[in-house]
Amino acid sequence: MPLATRRDIGQYLIGSMPGTSVPAELRSLAKEFDLGGVILFSRNIEAPEQVAELAAESEALGRT
(Lines give C-alpha, C1' and ligand atoms only; values in the text may rest on other atoms or scores of the structure.)
Protein backbone atom coordinates (compact mmCIF):
# COMPACT_ATOMS: atom_id res chain seq x y z
CA MET A 1 0.00 0.00 0.00
CA PRO A 2 1.47 3.42 -0.92
CA LEU A 3 2.62 5.62 1.97
CA ALA A 4 0.16 8.40 1.05
CA THR A 5 -2.75 5.94 1.20
CA ARG A 6 -1.61 4.65 4.63
CA ARG A 7 -1.48 8.19 5.96
CA ASP A 8 -4.88 9.06 4.49
CA ILE A 9 -6.41 6.00 6.17
CA GLY A 10 -4.53 6.72 9.40
CA GLN A 11 -6.25 10.09 9.72
CA TYR A 12 -9.50 8.21 10.39
CA LEU A 13 -7.99 6.20 13.26
CA ILE A 14 -7.90 7.17 16.93
CA GLY A 15 -5.46 5.42 19.24
CA SER A 16 -5.56 4.82 22.97
CA MET A 17 -3.12 3.47 25.52
CA PRO A 18 -3.42 1.08 28.43
CA GLY A 19 -1.28 2.99 30.94
CA THR A 20 -0.07 6.43 31.96
CA SER A 21 2.57 6.85 29.26
CA VAL A 22 2.66 6.58 25.49
CA PRO A 23 3.89 3.05 24.63
CA ALA A 24 6.36 2.26 21.86
CA GLU A 25 3.62 0.49 19.88
CA LEU A 26 1.50 3.64 19.71
CA ARG A 27 4.54 5.71 18.73
CA SER A 28 5.23 3.26 15.91
CA LEU A 29 1.62 3.29 14.68
CA ALA A 30 1.49 7.09 14.80
CA LYS A 31 4.69 7.33 12.78
CA GLU A 32 3.60 4.77 10.19
CA PHE A 33 -0.05 5.77 9.75
CA ASP A 34 -0.20 9.43 10.91
CA LEU A 35 -3.05 8.72 13.35
CA GLY A 36 -5.95 11.13 13.50
CA GLY A 37 -5.68 11.43 17.27
CA VAL A 38 -5.28 9.81 20.65
CA ILE A 39 -8.03 9.49 23.23
CA LEU A 40 -7.29 9.61 26.96
CA PHE A 41 -9.31 7.70 29.55
CA SER A 42 -9.29 7.85 33.34
CA ARG A 43 -6.89 4.88 33.36
CA ASN A 44 -4.31 7.14 31.69
CA ILE A 45 -4.42 9.88 34.31
CA GLU A 46 -3.07 9.78 37.87
CA ALA A 47 -2.89 13.57 38.39
CA PRO A 48 -4.49 16.56 36.64
CA GLU A 49 -1.09 17.77 35.38
CA GLN A 50 -0.76 14.63 33.28
CA VAL A 51 -3.60 15.64 30.99
CA ALA A 52 -1.61 18.51 29.49
CA GLU A 53 1.59 16.45 29.40
CA LEU A 54 -0.01 13.46 27.67
CA ALA A 55 -1.93 15.69 25.27
CA ALA A 56 1.30 17.46 24.23
CA GLU A 57 3.16 14.14 23.93
CA SER A 58 0.32 12.65 21.88
CA GLU A 59 0.19 15.67 19.58
CA ALA A 60 3.94 15.45 19.01
CA LEU A 61 3.61 11.82 17.84
CA GLY A 62 2.62 12.97 14.38
CA ARG A 63 5.70 15.17 14.09
CA THR A 64 8.36 12.61 15.01
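This is a predicted model: local features need pLDDT of at least 70, side-chain atom pairs count only at pLDDT 80 or more; totals for chains, interfaces and linings use all residues.
Residues are numbered from 1 along each chain as its sequence is written, and side-chain values use heavy atoms, with hydrogens and water left out.

I begin with the overall architecture. Helices (H or I, at least four residues) and strands (E, at least two) are DSSP runs, numbered from the N terminus. Taken along the principal axes, the C-alpha atoms fill a box of roughly 40 × 20 × 20 Å. Of the 64 residues in the protein, 20% are buried; here buried means under 20% relative accessible area, exposed means over 50%, and partly exposed lies in between, with a 1.4 Å probe and protein chains only.

Let me turn to the helix pair. Two packed helices are described by the angle between their axes and the distance between the axes. At what angle do α1 and α2 pack? Helix α1, residues 3-10, packs against helix α2, residues 24-33, at about 120°, and their axes are 8 Å apart. The axes are lines fitted to C-alpha atoms, for helices over the stretch in contact, and angles run from 0 to 180 degrees between N-to-C directions. The two helices, α1 and α2, are therefore oblique to each other: angles under 35 degrees count as roughly parallel, over 145 as roughly antiparallel, 65 to 115 as roughly perpendicular and the rest as oblique. On the α1 side, Leu3, Arg6, Arg7 and Gly10 meet Lys31, Glu32 and Phe33 of α2. By class, this contact of α1 with α2 has 2 nonpolar, 1 polar and 4 charged residues. In that scheme, Ala, Val, Leu, Ile, Met, Phe, Trp, Tyr, Cys and Pro count as nonpolar, Asp, Glu, Lys and Arg as charged, and the others, Gly among them, as polar.

The next element is helix α3, residues 49-60. Its 12 residues reach 17 Å from the first C-alpha to the last, close to the 16 Å expected at 1.5 Å a residue; the expected span is 1.5 Å times one less than the number of residues. Which residues of α3 are buried? They are Gln50, Leu54 and Ser58. These residues cover an arc of only 60° around the axis, which puts them on the same side of α3; the arc is that of the directions from the helix axis to the C-beta atoms. An α-helix has 3.6 residues a turn, so residues three or four places apart point the same way. On the other side of α3, Glu49, Ala52, Glu53 and Glu59 are exposed. What covers the buried residues of α3 includes strand β2, residues 37-38.

I now come to the loop between α2 and β2, which holds Asp34 and Gly36. Asp34 counts as partly exposed, at 22% relative accessibility. Its phi is near 55°, a positive value in a residue other than glycine. The C-alpha atoms of Asp34 and Ile9 are separated by 8.5 Å, although the two residues are 25 apart along the chain. Gly36 is also partly exposed, at 40% relative accessibility. Leaving aside neighbours within four places in sequence, Gly36 is in contact with Gly10, Gln11, Leu13 and Ile14. Between Gly36 and Glu59, which are 23 residues apart in sequence, the C-alpha distance is 9.8 Å.

Finally, consider Pro18, in the loop between β1, residues 14-15, and α2. Is Pro18 buried or exposed? At 66% relative accessibility, Pro18 counts as exposed. Not counting residues up to four places away in sequence, Pro18 touches Pro23, Arg43 and Asn44. Pro18 and Ile45 are 27 residues apart in sequence and 11 Å apart in space, C-alpha to C-alpha.

How values were computed. Contact means heavy atoms within 4.5 Å.
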